[in-house]
Amino acid sequence: MTATTLASSRGSSARAAGVVADLLKVFPDLQVQNTIDDMPTVWATRESVRQVLACLKRGLSPGYSMLYDLTAIDERVRANRRGQPASDFTVVYQLLSFERNGFIRIKVPLRDNDLHIETISDIWPNANWYERECRDMFGICFDNHPTPYPLIMPATWHGHPLRKEHPARATEMEPFSLPDEIQDQEQEALRFDPAKWGMTRHGDSTDFMFLNLGPNHPSVHGVFRVALQLDGEEIVDAVPDIGYHHRGAEKMGERQAWHSYMPYTDRVDYLGGVMNNLPYVMAIEKMAGIEVSDRVKTIRVMLSECFRIQSHFLFFGTFAQDVGQMSPIFYIFTDREMMFNIIETITGGRMHPSWFRIGGVAQDLPRGWDIKLREFIKRMRKNMPHYRSMVLNNRILKQRTVGVGVYDTATAIEWGVTGGGLRATGFNWDMRKQIPYSGYQNFDFDIPLGINGDAYDRALVRFEEIIQSLRIIEQCLDHMPEGPYKADHPLTTPPPKERTMRDIETLIHHFVHESWGPAIPAGEACTPIEATKGLNSYYLVSDGNTTSYRTRIRTPSFAHLQMIPEMCRGMMVADVIAIIASIDFVMADVDR
Amino acid sequence: MSSITANILNVVGILVFVVASAAMLTWVERRMLGIWQERYGPNRVGPFGILQVAADMIKLLMKEDWVPPFADRFVFVVAPTIAMFVVVAAYAVIPMAPGIGVIDLNIGLLFFLAMTSLSAYSVMFGAYASDNKYALLGGLRAAAQMLSYEVFLGLSLMGVVMLAGTFNLREIVLAQQEQWFVIPQFLAMLLFFIAGIAESHRTPFDLPEAEHELTAGFHTEYSGMKFGMFFIGEYVSVLLTASMMVVLFFGGWLGPVLPPLVWFLLKTSILVLLMILIRGALPRPRYDQLMAFGWKVMLPLAMINLVVTGVLVLV
């Protein structure tokens with residue numbers, strides 16, 4: 001397996017070099033940066049970046065059709081920037097090409113006294129939210145942006161949280177107080193003004209009604225708000241509003257040690273459990289140069305798939321519930337509970353075990369770990385057909401969801417949709433197959449596809465994915481490799497305990513890594529994975545310290561929610577619920 | 001004297017029975033759904049959780065009697081009263097057994113239809129008086145849904161009336177001594193059942209209060225006993241629909257061996273359980289689909305049933 005991994009990584013870096021060479025032919029001024037993760041990285045300038053991005057999207061063949069991520073780095077106190085252009089704030093664009101099976105990273109340096117850059121929301125519509133987020137977090141101004149309003153932070157907020165000078169703890173700030181006049185101002189800022197949301201009060205012949213769906217509503221799955229512009233029960237426009245669940249997970253990444261940040265990742269996609277650890281530890285391992293054993297890889301795959309099942313279970317149950325079917329969620333919760341018990345016997349935790357470690361997993365599998373899993377697989381093989389006939393074959397449910405919230409593959413890619421939502425349009429692209437990680441290339445499983453890209457297909461794809469995940473788990477059961485559960489590497493955290501009491505070197509290592517945490521070599525890495533809801537990755541920048549310099553969490557749900565207006569126009573109120581239910585998001589995964 | 005006492009006993013007894021069993025139904029429904037959904041349901045208060053009803057009632061009664069400041073106070077208070085009143089009044093014409101029944105009207109069936117029509121007002125008033133957008137949408141849906149399904153409710157019954165030759169419910173029961181009307185009027189029974197569920201706006205016809213779309217629909221702003229009256233009203237209406245079906249299609253109190261009242265209650269309970277099971281099983285159609293189903297499927301079927309029955313009766 002090691003051989004194949006090496007070969008594939010060599011292949012990808014060769015492909016990467018090709019893109020950069022093509023790009024340099026058109027733009028000879030670009031500066032290339034070598035990053036540890038083999039993701040081609042080039043520096044453009046503020047003036048040229050729009051042309052570079054447009055060229056990457058349309059000029060190259062095959063092009064980079066998806067804007068995967070857009071973020072920024074506050075570079076002002078970063079020490080290890082050898083060979084990079086001078087920059088106070090760097091805007092980072094990450095693009096994804098499905099034909100090339102690869103990513104590219106474009107960086108633009110900005111100076112502190114002139115934080116302006118042209119918007120690219122006309123090139124990719126999903127840049128809209130990313131740019132607004134950047135503006136909130138770093139104070140970078142995106143010129144000609146169509147809706148230059150705060151997205152994540154409240155309109156009344158002062159400061160930019162992800163700047164280095166902004167405190168990360170409440171204890172570093174003045175004690176909180178809310179005098180009456182400030183409270184009035186805050187209240188006033190909350191007043192709903194349709195114009196600010198890009199909506200009008202009156203049409204040609206009607207007055208519209210504005211319905212505020214959320215942030216507290218039974219069907220919005222958390223604290224999510226959609227302002228609906230209604231003509232009767234028909235939706236003229238829908239504008240999503242996010243940020244109610246923002247907990248500053250990225251900021252905490254800069255505060256916690258590499259190791260002690262792990263539990264925070266679990267809570268980003270809080271249904272994904274340890275699957276959130278995976279992109280994080282893989283990125284760190286890349287920077288640290290740790291190669292984990294096949295056993296670790298297989299254990300990680302197995303638990304990730306367990307959590308994929310858990311997440312899809314919840315999706316499937318609430319999906320049925322949101323179109324008014326009461327019972328399926330209760331049956332599914334019984335199965336879900338069984339799986340949680342299994343996860344508990346293996347990891348000791350249930351929803352958020354934080355069980356992966358830098359260079360391995362927390363513990364070896366307990367004795368008899370496979371017995372209950374086998375029972376579970378047997379049980380699910382029996383139950384899944386029931387769920388199919390109860391929910392997916394139900395005629396009323398089909399009436400409610402077939403042809404509702406339709407988008408095609410091109411639109412999906414344009415908006416940055418990944419995961420089940422993309423495959424529901426019939427587009428066969430799953431990261432686990434296309435750019436395998438953690439040994440997924442060794443497993444035999446199928447990629448379920450939809451046809452129409454409607455709410456029904458999105459549910460169908462995820463339902464079938466549960467069955468495929470069961471297959472993967474079964475293969476893990478049958479072929480679990482022997483080997484250590486932690487890599488023998490100085491940066492493995494916590495280090496293997498066996499030798500700590502025998503020689504002083506490892507004892508010191510153990511002590512330092514447990515107390516301060518490991519110092520990860522300076523560098524940048526990002527390793528996307530196919531998470532429960534789509535592509536998820538941690539773009540980590542290390543400055544050679546015990547904490548990350550910048551932790552960027554790219555979550556799938558953020559992109560998916562931005563597409564809601566696209567899907568909702570002209571539908572009825574009840575359809576919005578079906579559409580929201582079919583997206584499969586959690587707000588923690590959106591706001592982070 | 002004794003007949004007056006008997007009458008009073010009849011009236012008060014049935015009133016108490018109807019309201020109490022409607023309240024009990026909340027417990028029955030939750031327990032049954034629990035069993036069907038592989039969970040327990042309320043099982044803490046009293047044996048089998050049977051006192052859950054009492055606990056709920058205490059909770060509702062102890063709550064502050066709150067009317068939102070933006071609501072139209074008078075209409076807001078009247079709406080749940082109507083909801084409760086019309087269904088209880090409609091129950092007055094149900095003949096439960098020989099000698100048991102509040103009133104024996106010649107036009108019992110028409111009275112029933114009139115009362116159920118009135119219940120649309122309670123929902124509309126409640127929605128209108130709440131001055132809440134979710135309530136408004138729920139009220140609009142309710143008005144359209146109840147008016148439409150009212151039509152099929154009435155039409156589906158006319159076949160029975162033709163066969164029995166009377167609007168008097170007691171006589172309709174007696175007309176079924178040879179054969180329950182469910183056999184010649186099977187289609188009408190189905191139509192009435194569907195329309196009846198729609199009238200009491202229960203799943204899959206619970207669009208006026210669709211939790212997942214409209215939070216609580218027309219009673220979003222209601223709390224305490226005013227909400228309780230809407231709630232109990234709904235369950236009385238379930239009971240009413242089931243009782244009406246028993247009277248019209250399943251031979252009322254008729255049956256061998258067991259006393260008449262037991263037969264009546266037994267048949268009614270089975271139908272009530274069926275309605276609960278449907279709630280557990282089906283999702284909710286969309287508003288326009290519901291209306292299309294009503295006018296494009298239910299109406300033609302009801303018409304055909306009427307014509308065919310008419311022809312058969314004449315021949």
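**Entry 1: the five-stranded sheet**

I began with chain A, where five strands form an open sheet in the order β1-β2-β5-β4-β3. I noted that the pairing is mixed. The model I am reading is a predicted one. Next I looked for the edges of this sheet. They are β1 (31-33) and β3 (66-74) of chain A, and each of these pairs on one side only.

Then I followed one pair of strands. β4 (residues 89-97) and β5 (residues 102-110) of chain A run antiparallel and are joined over nine bridges. I picked out Leu96(A) and found its bridge partner in β5(A), Phe103(A).

Which helices pack on this sheet? I found α2 (residues 49-59) of chain A touching β4 and β5 of chain A. Its direction makes about 170° with that of β5(A). I also found α3 (residues 127-138) of chain A, which touches β3 and β4 of chain A. The direction of α3 makes about 10° with that of β3(A).

**Entry 2: the three-stranded sheet**

I moved on to another sheet of chain A, an open one with three strands in the order β8-β9-β10. Here the pairing is antiparallel. β8 (209-213) and β10 (234-241) of chain A each have a single partner strand, so one side of each is left without a neighbour in the sheet. I read an average twist of 20° from one strand to the next.

I checked the pairing of β9 (residues 225-231) with β10 in chain A and found seven bridges. Ala227(A) stands opposite Val239(A) of β10(A). I then saw that a helix of chain B packs on this sheet: α5 (residues 133-164) of chain B touches β8 and β9 of chain A. Its direction makes about 110° with that of β8(A).

**Entry 3: where chain B meets chain A**

I found 27 residues of chain B in contact with 33 residues of chain A. The two chains bury about 2600 Å² between them, and 58% of it is on carbon and sulfur atoms.

How many residue pairs are in polar contact between chain B and chain A? I noted eleven, with both residues at pLDDT 80 or more. The salt bridge count between the chains is one. It joins the side chains of Arg286(B) and Asp575(A), at 2.8 Å from N to O.

I listed the helices on the chain B side. α1 (2-36), α5, α8 (211-214), α10 (260-281) and α11 (287-314) of chain B each supply at least two residues. The largest share, five residues, comes from α5(B). By class, I counted eleven nonpolar, six polar and ten charged residues on the side of chain B that touches chain A.

**Entry 4: salt bridges**

Over all chains the count comes to 50 salt bridges. I looked up one in chain A: Glu250(A) with Arg550(A), where the closest N and O atoms are 3.1 Å apart. Glu250(A) lies in helix α5 (residues 249-253) of chain A and Arg550(A) in strand β16 (residues 548-554) of chain A, so the pair ties together parts that are 300 residues apart in sequence.

**Entry 5: Ala164(B)**

I ended with Ala164(B), which I placed in helix α5 of chain B. What does Ala164(B) touch, not counting residues up to four places away in sequence? I found Ile172(B), Ala175(B) and Phe181(B). Phe181(B) is 17 residues from Ala164(B) in sequence, and their C-alpha atoms are 9.1 Å apart.

Note on methods:
Residues numbered from 1 in each chain as written. Chains lettered and ligands numbered in written order. Predicted model: local features only at pLDDT ≥ 70, side-chain atom pairs only at ≥ 80, totals over all residues. Heavy atoms only, no water. Pairing = 2+ DSSP bridges. Helix = DSSP H or I, 4+ residues; strand = E, 2+ residues; numbered from the N terminus. Axes fitted to C-alpha atoms, helices over the stretch in contact; angles between N-to-C directions. Contact = heavy atoms within 4.5 Å. Buried area = accessible area lost by both parts, 1.4 Å probe. Salt bridge = Lys/Arg side-chain N within 4 Å of Asp/Glu carboxyl O. Polar contact = N/O pair within 3.5 Å; in protein donor to acceptor, adjacent residues only side chain to side chain. Nonpolar A, V, L, I, M, F, W, Y, C, P; charged D, E, K, R; others polar.
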